[in-house]
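I opened a structure that was new to me and kept short notes on what I looked up.

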Amino acid sequence: MFKLLTKGFWDVVARLILRNKIIILLGILAITVFLASKWENMRFTYTEANLLPSDHPANIEYDHFLDIFGEEGNLIVLGIKDSTFFSQEKLNAWNDLSDKFKQYDEVESVVSIRDLQKLVKNTEKQSFELEPFIKDSLKSQQEVAELKEDLFHKYPFYDNFLFNTKTQTIRTAIYLKKDIVNTPIRKDFIFNILEPQIASFKKNTGLNVRVSGMPYVRTLNAQNIVDEIGEFIALALAVTSMIFFFFFRSFRATFISLFVVCIGVMWTFGIIGLLNYEITVLTALIPPLIIVIGIPNCIFLINKYQHEVKSHGNKVKSLQRVITKIGNATLMTNVTTASGFATFILTESNLLKEFGTVASLSIIGIFILCLLIIPIIYTFLPYPKDRHLEHLNRKWIGGFVNWIEKMVRERRITIYIASVVLLIASIIGIYQIRISGSLIEDMSKDSQFFKDIQFFETEFDGIMPLEILIDTQRKKGVMKLNTLKRMEELEEVIEETPELSRPISVVSLTKYFKQAYYNGNPKYYQLPSSQENSFILSYVKNTSTNDNTLINTLMDSTGQYARITTFMKDIGTDKMEKIEENLETRIHKVFPDDRYKVSITGKALVFQKGTKYLVKNLAISLTLAIVLISIFMAFMFRSFRMIIVSLVPNILPLVITAGIMGFIGVPIKPSTILVFSIAFGISVDDTIHFLAKYRQELQFYNWKIRKSVYAALRETGVSMFYTSIVLFFGFSVFTVSSFGGTVALGALVSTTLLFAMLSNLLLLPSLLLGLERNIANKEVLKEPVIDILSENDEEVQELEENHQK
């Protein structure tokens, strides 16, 4: 009954489409205009992707830190390492450059060599005063020498902050205002102010200035995303259209397909704007994905139309059959593809939810556009010419299909052995996969800003902030000598960790106070004794509030909370977990739980925990995709055994790809996590087409399995080859990206789909033949709920004629 209703439904759909052409086209135009009006809501992300749910403990701790100290990722650093730098002229030019940034509203403060202050004891006022190292400009080389002596030998407080004593590398710190760090103003400042000023300085002095810091890195990353969207779309259109034209040798069919997928891209951008989503490194992939996924839809529809026209020459009947026969099949294949993406909606990561929502809606959208526009356009066009149909008789494609059939006939044991060997090797490879939580691993290794990151990692041990928040649970508890000693003990662990920079905290400042109390003698750069602490604190209290700005950044106004800031190198998740474990061990040992609450946080740590969290969700997401698609299979074939047989050729390529990742060292990270669900959702389309045709041939051949398998293989092999080639080269477009994750995504999905095509053409028919007694009978293959390739009497007659030929 449902089958009859379904068939009747598609008959009705065909009549509605072909009889209401103008109304449908106007409707598509209206929807396109509406969605285009939502483009203005699109915005590019100005923050790192938060991969954790908002209620995750790591996010709660990070938000708590931000509530107390504000945005911690507001630091831009400029650095120079040059043997000629310490000259009067160049050092003054460097200080002048730093001073220029102070005049801009976007800048909160700038700390350069000229801004460094000596703490000087005023015995009369019993307070500390700040005295600049450089009062105005350096007037002689002797003053430069004296400055170097002071900085590199007398004031350890500043070491590894604005200079590296060992390598004599100098840097300037620019702190942006915290309320503009995650807004478009940050981008305008960097591109319109920072970079032009640095370029001018380089030209005038010949010094190579290195630039880094989270705001800078994030801005250039975001700009790369913007630049690559247009590049990906253009490349996807060019590659898929060339392949399409190579197969069909028809400008008309090629332009129709391009027209359809371009509207699909417009709809995708409109959906992003309509939902008020940001364009992230993931959602930026969807427009070219829609082109790559949409072209196979066009191939199926146009190929079927040309087959029908060649068969009987009736254009109206051909278009009606395109809708009634291919409509059902393409609906199911697009639904399974959309399902692979939609499983990300069920994760608790907002980034993946948005990606899954936009991708699944866009895939359904491109299916609707293909089904409506292609038949309607062909009603207005003349019959295809003979040269447009030549590809249907192309011999080299027939040779490929004959090779596939020969392998299945004569080399089934070889296919089984090869599959098992690949499976075992891949499982070995899977155990070698590592997890990466690096913020910068995906960045272009050839870009200047990536080289600058490495420069600062070498000279100053990293740029990614790691914060330790200490809650003393009482006001003014931070400056208690007992607390300071505990913090110093924790800092010793940080200093002993090669991947972390020298920590900055109120401990260092207190040591500096003691040094100042003893008239700047560097041997007194240490924590005071209990007796000294009371004298020194009295001096601190009498010091001008304006001179205590640094204190306010290291502890809150109540004196209850303190922070220890360190910067970490670009390290893997495993190393970070060990470092975190070591720190937490010392924290629990040093800070009693009943008196202190201490947490480790920071943007880089949250990102790494997010990666780990996504890996756990990968298994859930992929399992959901498999279960969901198995339900579709059950709905179509009503056979548990057929479900198992259909899943094997599609899961094997995923295992092979995972094994390849392990062997060649591609880590699991947010970008590569997407590979498996995407590839599975797309590759299962070939299985659906093949099994639907196989069932149809079984009925025609009175359940003679071998004839049915070979007939289905010959019938579907060409279209599977066409679509797989389009998908392979379409996803390969992403390998030109400057983002390592996007390159890996494109290469891995392409590889998986290539293996999936071979698996569906070789392993699937081999399994059907090898297990023919168990799966291919009327009891096992019950009447499907939906007959994807249903035939009427006239079509059955034509099918018989084709087989006789």
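I took buried to mean under 20% relative accessible area, exposed over 50%, and partly exposed in between, with a 1.4 Å probe and protein chains only. The model is predicted, so I noted that local features need pLDDT of at least 70 and side-chain atom pairs pLDDT 80 or more, while totals for chains, interfaces and linings use all residues. Residues are numbered from 1 along each chain as its sequence is written, and side-chain values use heavy atoms, without hydrogens and water.

Entry one, aromatic rings. I counted a pair of Phe, Tyr or Trp rings (six-membered ring for Trp) if the centres lie within 6.5 Å; planes under 30 degrees apart are stacked, over 60 edge-to-face, the rest tilted. The structure has 27 aromatic pairs. One of them, Phe245 with Phe251, is tilted, at 4.5 Å between centres and 35° between planes. Phe245 is partly exposed at 27%, and Phe251 is exposed at 53%. I then looked up Phe455 and Phe456: their planes stand at 80° with centres 5.2 Å apart, so this pair is edge-to-face. Phe455 is buried at 10% relative accessible area, and Phe456 is buried at 0%.

Entry two, a cluster. Which residues form one aromatic cluster? I found Phe128, Phe513, Tyr517, Tyr518, Tyr524 and Tyr539 in it.

I looked at which residues of α2 and α11 meet, with contact meaning heavy atoms within 4.5 Å. On the α2 side I listed Lys21, Ile22, Ile24, Leu25 and Ile28, and on the α11 side Leu369, Leu372, Ile373, Ile376, Thr379 and Phe380.

Notes:
Helices (H or I, at least four residues) and strands (E, at least two) are DSSP runs, numbered from the N terminus.
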